[in-house]
Amino acid sequence: MQRLGCGAAALLRRSQGDGAAAALVPQLVRSYATTQMTIRDALNSAMDEEMARDETVFIMGEEVAEYQGAYKITRGLLQKYGPKRVKDTPITEAGFTGIGVGAAFQGLRPIVEFMTFNFSMQAIDQIVNSAAKHHYMSSGAVTCPIVFRGANGAAAGVAAQHSQCFAAWYSSVPGLKVLAPYDSEDARGLLKAAIRDPDPVVFLENEILYGEPFPVDEAVLDKDFVVPIGKAKIMRSGSDITLVGFGKMVGYNLKAAELLEQEGISAEVLNLRSLKPIDRDAIAASVRKTHRVLSVEEGWPQSGVGSEIISIAIEECFDDLDAPPERVTGAEVPMPYAQNLEAAALPTVEHVVAAVKRMMGK
Amino acid sequence: MDFPGGSVPFTPTLTFVGGTFSPRAPLPCYRTIDAAGHAVGEADVPHVLGQDTAVRMYQTMVKLQTVDTIFYEAQRQGRFSFYMTSSGEEATAIGSAAALTNDDVVFSQYREQGVILYRGFSVQDMAHQCFGNMHEQGRGRQMPIHYGSKALNFHTISSTLATQLPHAVGAAYALRLDKKQACSVAYFGEGAASEGDFHAAMNFAATLGAPVVFICRNNGWAISTPATDQYRGDGIAGRGPGYGMAALRVDGGDARAVFNATAEARRIAIEEHVPVLVEAMSYRSGHHSTSDDSSRYRAAEEMRQWRARDPVTRFQRWLIDQGWWDDAQDTAARQEARREVIQALETAQKAPKPPLSAMFSDVYAEMPWHLARQQAEVFAHVTAHPDACPADIPVK
């Protein structure tokens, strides 16, 4: 039985076009929200405030200084903090990643920007074998407080080598912390927490959401606002099924929950925020309440984050389950370029709705 | 003409350079002591090697040779899993170490145990590490010979070749930002210089203006791959100018030359905020490791000739020429080193192993709840079933 996504028929029904992302931003503007903030501004302000707070924080990467970032996430920082703290580097991922790791060993707090996480593959040895393990191998004598951040996951129209999710890769590695923000509150609070953290943090952003505005309340704008690492957030409470996701998929799940509500199904939406450590207790508590769990991710199915979510549900609350856990994932192929095929390779809100209805027997 | 990439003159001549078109003479190899152990009269010696330092260097070389010989045998007897000797390269490690201060930050490969020994790591520390016992500073995490000491500013070894080179550049950049009068020092072999990380480190060090001294031990062999298959062109030092970096080739078997080369490279790096590349020409007299038998791929005659050029004997002769050392002192030093090494191994072998808790600590700066839970499960299990936990593993 095919449990990956909703099968070919559903794939072909997927709506196409670039407007999809905008339509998925939830319209649940909280009454106390006072400001709209884009993800880009959330990330930018988080780095700006942390650089002002701690002079050991510096940024390095390709195009981060003069060009202000390929996606303008480092806008204005060179002008404010100068070229010693906002470093353009030669095009060698293994170089600036390794140099960042060495600088972290020596007491600085580097933020290494990958133009996209696809390019982090050229430096993954430095992340996995050096950054993640040095604290353990030095018996705790040397810490490696570094943030690796950049766009992760499917972009639009850039095909196989620019559209893939590395959440499962990095979240399997002991010694790394892995965060994936969904909205501007997450982006600000998690990035500030990552920069202050003593361990190496992989921070997975989403290119398509950079320009997306989200409501933020005043507390989020405080310069000391941080989101705790390792804690998931219930974005919407429900009683029939738990939809677990991270990053952009949280928006899909919120939209799906709205549609399901119209059909009398109450879905709880859990935003993981942290993929390592993963909030096992929050996942288990929600599943014990709803008795069903569906994991939604853009990445590939085998050994994916969804595999972990389902394992947690089975290990922690097997007897509470009223239906086999399922997952909606990207298709297990390199990302095609052609617009119709690209669309068919990615999860949609319709997939989520269809999977939930199947699990509910409706 | 001013191109964005640099100001260059034009020429009507179509001439390729390098390769087979205009082979250049190799960079010469700086030395101050000849093969027979006598001082080279006209040699530049900007950093005079005094008696106290010279004798300490020699004593450390004797100790290093003794450690290598006896630890190697101990591994062959199955007392621990792995070992690598630095035979033939003692003068490179000790000569360079003596030119550094303990404020300089060392990122070494895995054949520079002489450097950490000179900086103050004891033979007993080495024995504890190789046995991975509870006294070991690294809590039994690293494989043998992967020494490290925060107090001695010597980073624990990364087995993955050349990864330490970008680290050294990053640390040097941090030292520069802190305005410290210190540099970082990166050691590597000519085989590691073929890794992409070598290029990354060289280019970044040059463009960042990072005070790093890169010390390549060109010992002729990367396991079974000879240096002649490792590169074309003029070795490793020959690459320095291509990166816009000062470079020097030195006789790695001449401890005084290595001392001077390193001291001068260190001075330039710190005063001018630039990286410097030093290539020490030497020979790996031993096998790559205890997992290797080099007689299968290199000629016995080659090995015999190089062993006859033992750099420790060469330095000893120079010391005797200075009137700073004699045969009686030599015999006593070797006997004392042997006694110390054998005693250290016995002590280390008898010491208890690290506790189970050492498996879980230090994965993160603070233990996250998921590891705390897994550790608690293990503790509960071995408490409930004491027979499940081997008697030689303490729990906490």
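Colleague: What should I know before I start?

Modeller: The model is predicted, so local features need pLDDT of at least 70, side-chain atom pairs count only at pLDDT 80 or more, and totals for chains, interfaces and linings use all residues. Residues are numbered from 1 along each chain as its sequence is written, while chains are lettered from A and ligands numbered from 1 in the order in which they are written.

Colleague: Which strands form the open sheet in chain A, and in what order?

Modeller: Terms come before the case. Helices (H or I, at least four residues) and strands (E, at least two) are DSSP runs, numbered from the N terminus. Two strands pair if DSSP finds at least two bridges between them. In chain A, five strands form an open sheet, ordered β9-β11-β10-β13-β14, with mixed pairing. At the edges stand β9 (233-236) and β14 (326-328) of chain A, each pairing on one side only.

Colleague: Where does β11(A) show both senses of pairing?

Modeller: Take its two partners in turn. With β9(A), β11(A) runs antiparallel, joined by three bridges. There K233(A) has N271(A) as its bridge partner. With β10(A), β11(A) pairs in the parallel sense over five bridges.

Colleague: Is β10(A) buried or exposed?

Modeller: A residue is buried if 20 or more other C-beta atoms lie within 10 Å of its own, exposed if 12 or fewer, and partly exposed in between; C-beta atoms are placed from the backbone. Five of the five residues of β10(A) are buried, so the strand is largely enclosed by the rest of the structure. Both faces are covered: I241(A), L243(A) and G245(A) lie on one side, T242(A) and V244(A) on the other.

Colleague: What lies across β10(A)?

Modeller: Two residues are in contact if their C-beta atoms, placed from the backbone, lie within 7 Å. Axes are lines fitted to C-alpha atoms, for helices over the stretch in contact, and angles run from 0 to 180 degrees between N-to-C directions. Helix α15 (residues 349-359) of chain A lies across β10, β11, β13 and β14 of chain A, at about 165° to β14(A).

Colleague: Which strands make the sheet in chain B?

Modeller: Five strands form an open sheet there, in the order β3-β4-β5-β9-β8, and the pairing is parallel. β3 (105-107) and β8 (246-251) of chain B each have a single partner strand, so one side of each is left without a neighbour in the sheet. β4(B) and β5(B) share six bridges. F188(B) has C216(B) as its bridge partner in β5(B). Helix α5(B) lies across β3, β4 and β5 of chain B, at about 170° to β4(B).

Colleague: How do I describe two packed helices?

Modeller: Two packed helices are described by the angle between their axes and the distance between the axes. The axes of α5 (residues 164-177) and α6 (residues 196-208) of chain B come within 8 Å and cross at roughly 20°. That makes α5(B) roughly parallel to α6(B) (angles under 35 degrees count as roughly parallel, over 145 as roughly antiparallel, 65 to 115 as roughly perpendicular and the rest as oblique).

Colleague: Which residues of α5(B) meet α6(B)?

Modeller: L165(B), P166(B), A168(B), V169(B) and Y173(B) do. Their partners in α6(B) include F198(B), F204(B) and L208(B).

Colleague: How many residues of chain A are in contact with chain B?

Modeller: 37 residues of chain A are in contact with 38 residues of chain B. The largest share of the chain A side, 10 residues, comes from α5(A).
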